[in-house]
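Please open the structure in a viewer and keep the selection panel at hand.

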Amino acid sequence: MKRNRVIPYSVCRNESEVVEEIAEELCKKLHHHHQQTVPDYVKGLVGMESRLEELVSCLCLELDDVRLVGICGMGGIGKTTIARAIFQKLAFQFEGSSFLSDVREAVEKHGVEKLQQQLLWEIAGDTSKIWDGHRGAFFIRNRLRRKRVLIVIDNVDKLQILRLLAGKRDWFGQGSRILVTSRDKHLLVTYGVDQIYDSKTLNEDEGVMLLSHKAFKQNHPAKGFEQLSKKVVAYANGLPLALEILGSFLHKKDAREWEKAAKTLEEPLNAREGGSLSFQKSPQEKIFRILKLSYDGLDVTEQQMFLDIACYFTLHDVNEVSQIFESCDFYPGIGLNVLAEKCLITILSGRLYMHDLLNEMGRTLVYQECPEEPGKRSRLWSYNDIQQILADSTGTEAVEVIILSSYEKRKILMGENAFSRMTNLRILEIDVPHHADTTPILLSSKLRILKWNGYPMKALPQDFCPSKLFTLTLCSSRIQELSHAVLHSDRLKLIDLSHSTNLKTIPDFSGIPNLEKLILDGCKNLVSIHPSIGDLKKLVVLSLGDCSSLCSLPCSVAEVRTLRVLSIAGCSKLNQLPENVGSLECLEELDIRGTAVRKAPSSIVQLKNLKNLCLSGLKGEQPSFWSSIISCVLPGISSRSVGFSLPSSFAGLQSLMQLDVSDCNLMEGAIPSDIGCLSALKRLNLSRNNFVSLPESIVRLSHLESLNLDYCERRRVGASPPPLTFYCSNPKTPSLQSPHSGPLPCVQVKVAHPPYSLIRLCPRKSESHDRYESVKPTLTPSPLQPVASFRMPQAQRHLQLILASSTKSQAHHLSPAFPHDCASNSLGPWP
């Protein structure tokens, strides 16, 4: 029988060598497997395997340098397709990988900073917020310069953007590969790529096969369509995008309709049909005619959705877009499927994608509605066009959608009657500063989506009666109250007034029974919530974070049985939760950190579906002023301080996955002894508390992944921390274990209190039994530099941590406390 190879472990070898050997062995096996099989994604792409081989040879994977490769070709030729295929085929061979889709579109909407954040998150797990592109470039260079990465930067049209994402080779570790797709060969040459792969069109046989896949759902044309298929392929010049869209358009059509379509494509558009379309930056008029032919085959509602996506919603979450279309009565369940079947959109990983040629065609069709007067077009997205119609009040009833989201935050001017003639406006989104704050604003009562960041008025217009309003988002606005009409929109599902600091109260909720989300974070002058909130039987999210003037929650909140998220974090005057909070049977997330709540309601353990509970910073009963003074004057007399009162038992919270009770002044014995019953718990934060030991049942937390014990020391003069030990059962499957309890899998342990430092342990075979013994530290940071965290992924499960003093004589261990008669496996200080 063939035995698996065993990788020996020696105490003399350090952790990095072992992990590297394991990773190398796995990669060899995976690489061998990939050489033997072709990914399913590639199998479905006509002519892709041969093209992938050519591109792989350009990458020179056998070399240990940093290599830049460009993929060039006209629009619709398949640059993104082959880049995605090579990414899926090779990504597993690198330490990190990232695919930046449609960079041109993403930068136009959100700026390069968001792409930099995506790159850092996907490769390094870095969640840093980036507000400046040059600062982001600095982060990328410093975070990735030692990593072997695979990065694809798709559809770049500006050299400056490319240099902010992957400026120089020394930004990345040896063996890295950077692929860039672009229509502009000069850009790639200027950037300094090592090699350019020129994308190829499909030959006749490949083109007929792709067309047949879409039109006949087979590899060859149906009988009688052979010559027609070749004719269509010849017209499309072998462009994959054109063939996919034509094939989808001609699916289930008879030969006469095929002939009609071919004739339409060959004849120039005459003046009676609307004149020749003047597509700006069009690489070829033929492909646009093909795209237009497919667009003309859609019904009116499908065309509306196509234009909305082309103008606004590319790269957006498909569920969010579906909700918007649903509010506009567009039936997205059917319409989006039709667009996908006709290859006009792609839904990938929950997001909407549209080829940039289709995107350009859609915007051109809108522009052609009235080239000279923006106020007579159905959709507006350009800052200059929107500024013009709002300043001059030239918008008309033709305008249906205005979405202005400029990451440059340029100010906008508005005339007195800027919206008065836009009676058919259904979507209005403005995310730029407004110059004046006294302009009267008239809004269409047909609005479905109203999003206005920094809304300048104290109230919505009195005659604004939005009976079809679906979303109301007025973040950082000056609004003081909501009108009666708005609160009687029975289709309203979202109200977000976060950081509207002038808002003091919200009246009766009974007129908006379908509300699902109420977000009032940062409304610092909000003093009360109307008791009618209990009538919102479909409410899912209630977020009141940092409402610092809010003193109480109405008991009726507990009647909202559909509630899944409740956040009152930072409500510093709120000192009590409704006692019947346990009746929120669907609640999954409860965040009450930073409030004045001193005791958890006893019913909280009835929240059987609760997954995330955050109680951080709840101090409980604090000592009085005079007792604190006495304690300072007479050190022998301590002021009485009782920490936050946790429930006496955690039984009932069987779904809890994250528990944060950091900085709660928890004393010895405050943690319920049955904490081990939290069978689903993955992350536990006990930092900045005053307990001496942990309950023994903690070893039963079989799914625990992270344990934070920062700054957990007994704050008492003359008392040293007691011995706390991590127990281990077997070097092959290290765990926290008591002789009387089951094992606790290895976790990420965070212990960051100077002058302590982290010490790595390696397994050493004992003559009598398997045990872990301490060795000299391989990680001993300076006493003045606290360690942020120490990760222990699955590949490194042979490691354990102890917390040791920077001086040998004061070494302390950190772990559950066990009975004194237990046979200890404790780890002493290294000699």
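The tour begins with the whole protein and then visits individual helices, residues and a cavity.

**Before selecting anything**

This is a predicted model, in which local features need pLDDT of at least 70 and side-chain atom pairs count only at pLDDT 80 or more, while totals for chains, interfaces and linings use all residues. Residues are numbered from 1 along each chain as its sequence is written, and side-chain values use heavy atoms, with hydrogens and water left out.

**The whole protein**

Display the protein as a cartoon: its secondary structure comes to 20 helices and 27 strands. Helices (H or I, at least four residues) and strands (E, at least two) are DSSP runs, numbered from the N terminus. Of the 831 residues, 49% are buried; buried means under 20% relative accessible area, exposed over 50%, and partly exposed in between (1.4 Å probe, protein chains only). Among contacts with a separation of 6 or more, 58% are between residues 24 or more positions apart, where contact means heavy atoms within 4.5 Å.

**Helices α10 and α12**

Select residues 204-215, helix α10, together with residues 240-249, helix α12. Their axes come within 7 Å and cross at roughly 35°; axes are lines fitted to C-alpha atoms, for helices over the stretch in contact, and angles run from 0 to 180 degrees between N-to-C directions. Now show side chains: G207, L210, L211, K214 and A215 of α10 meet P240, L243, E244, L246, G247 and S248 of α12. The residues of this contact divide into six nonpolar, three polar and two charged. In this scheme Ala, Val, Leu, Ile, Met, Phe, Trp, Tyr, Cys and Pro count as nonpolar, Asp, Glu, Lys and Arg as charged, and the others, Gly among them, as polar.

Remain on α10 and pick E206, which is found in this helix. Is E206 buried or exposed? At 17% relative accessibility, E206 counts as buried. Leaving aside residues up to four places away in sequence, E206 touches V46, G47 and R51.

**Helix α3**

Move to helix α3, residues 48-59, and pick E53 within it. E53 counts as exposed because its relative accessibility is 60%.

The structure holds four cavities of 30 Å³ or more. On a 1 Å grid over the protein atoms alone, a cavity is a set of points where a 1.4 Å probe fits but cannot get out, and lining residues have an atom within 4 Å of a point. Select K231, V232, Y235, A262, L265 and E266, which line the second largest cavity. Helices α11 (226-236) and α13 (255-266) each supply at least two residues of this lining.

**Helix α19**

Select residues 383-392, helix α19, whose buried residues are Y383, D385, I386, Q387, I389 and L390. S393 follows α19 and has a positive phi, near 55°.

**R561**

Finish at R561, in the loop between β15 (541-543) and β16 (565-567). R561 is partly exposed, with a relative accessible area of 42%. Its contacts include S583, E585 and C586, not counting residues up to four places away in sequence.

Technical notes: 1 Å grid on protein atoms, 1.4 Å probe; cavity = no way out; pocket = protein on both sides within 12 Å on 5 of 7 lines; lining within 4 Å. Points joined across faces, edges and corners; volume = space filled by probe spheres on them.
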